[in-house]
Amino acid sequence: MPARGSCAEINELVGMLRSWLDAAGVPVAHLHQRLTAEHFVGGQVPSLTKLRKQLAGEGLSWDLVEAVADVCYPDDDSETASQRLVPLQRLWRLAQTAPTATDGSGPQVTAREVLEVQRQ
């Protein structure tokens, strides 16, 4: 299923989250089972249907981004976990402040830029 986020940056975030889930062998139903109220500021795990929509980019929250990292990489120490989220934080900030329309108009964030941030 293609990403259906509100902008190119959200869609790129969705792609990264999906790759983490694939690499960890965690289907969405298992992700849902492993999430806890502590993963979310509001203290409520979204329903499986809402979770699937968020993982497609519809209403994606930063809480969910961090929760996916937590579930997919449970053995990361705090430094490794923080570094893993750096490129995603950049995309998230761009999505909130200078989103790129999904039709390609507006500022562009290239995969090379994301990889450069990740290397740093």
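This is a predicted model: local features need pLDDT of at least 70, side-chain atom pairs count only at pLDDT 80 or more; totals for chains, interfaces and linings use all residues.
Reader: Why is the pair arginine 4 and glutamate 58 called a salt bridge?

Author: Start with the cut-off: a side-chain nitrogen of Lys or Arg within 4 Å of a carboxyl oxygen of Asp or Glu. Arginine 4 and glutamate 58 meet at 2.5 Å, N to O. That value is within 4 Å, so the pair is a salt bridge. Side chains of opposite charge can pair when their charged atoms come close.

Reader: What does the pair of arginine 4 and glutamate 58 tie together?

Author: Arginine 4 lies in the segment before α1 (8-24). Glutamate 58 sits in the loop between α3 (48-54) and α4 (62-72). The pair therefore ties together parts that are 54 residues apart in sequence.

Reader: Are these two residues buried, exposed or partly exposed?

Author: Buried means under 20% relative accessible area, and exposed means over 50%. Arginine 4 has 35%, and glutamate 58 has 34%. Both values fall in between, so both residues count as partly exposed.

Reader: How many salt bridges does a search of the whole structure find?

Author: Two. Arginine 84 and aspartate 76 also meet in a salt bridge. Their N to O distance is 2.8 Å, and the limit is 4 Å, so the pair qualifies. Arginine 84 is partly exposed at 24% relative accessibility. Aspartate 76 is partly exposed too, with a relative accessible area of 24%.

Reader: How do you know that leucine 21 is buried?

Author: Leucine 21 belongs to helix α1. Its relative accessible area is 6%. Buried means under 20%, so leucine 21 is buried.

Reader: Which residues is leucine 21 in contact with, beyond its neighbours in sequence?

Author: Leave aside neighbours within four places in sequence. Then leucine 21 is in contact with Val26, Leu31, Leu55, Val68 and Cys72. Leucine 21 and alanine 69 are 48 residues apart in sequence. In space they are 8.8 Å apart, C-alpha to C-alpha.

Reader: What makes glutamine 54 count as buried?

Author: Glutamine 54 is in helix α3. At 7% relative accessible area it falls under 20%, so it is buried.

Reader: What lies 3.1 Å from a polar atom of the glutamine 54 side chain?

Author: The backbone oxygen of glycine 59. The cut-off for a polar contact is 3.5 Å, and 3.1 Å is within it. Not counting residues up to four places away in sequence, glutamine 54 touches Val14, Pro46, Gly59, Leu60, Ser61 and Leu64.

Reader: Which residues have the most contacts inside the largest nonpolar core?

Author: Leu31, Leu60 and Val68. The core has 28 residues. Helices α1, α4 and α5 (78-97) are the elements that give two or more residues to it. The largest share, eight residues, comes from α4. In soluble globular proteins, nonpolar side chains tend to be buried together.

Reader: What is leucine 60 in contact with?

Author: Ile10, Leu13, Val14, Leu17, Gln54, Val65 and Trp92, leaving aside neighbours within four places in sequence.

Reader: What share of the chain's residues is buried?

Author: Buried residues make up 35% of the 120 residues. The chain exposes about 6900 Å². Carbon and sulfur atoms supply 51% of that area.

Key
Residues are numbered from 1 along each chain as its sequence is written. Side-chain values use heavy atoms; hydrogens and water are left out. Helices (H or I, at least four residues) and strands (E, at least two) are DSSP runs, numbered from the N terminus. Buried means under 20% relative accessible area, exposed over 50%, partly exposed in between (1.4 Å probe, protein chains only). Contact means heavy atoms within 4.5 Å. A polar contact is a pair of N or O atoms within 3.5 Å; within protein, one must be able to donate a hydrogen and the other to accept it, and residues adjacent in sequence count only if both atoms are side-chain atoms. Accessible areas come from the Shrake-Rupley method with a 1.4 Å probe; for residues, only the protein chains shown count as cover. A nonpolar core is a set of buried Ala, Val, Leu, Ile, Met, Phe, Trp, Tyr and Cys residues joined through side-chain atoms within 4.5 Å.
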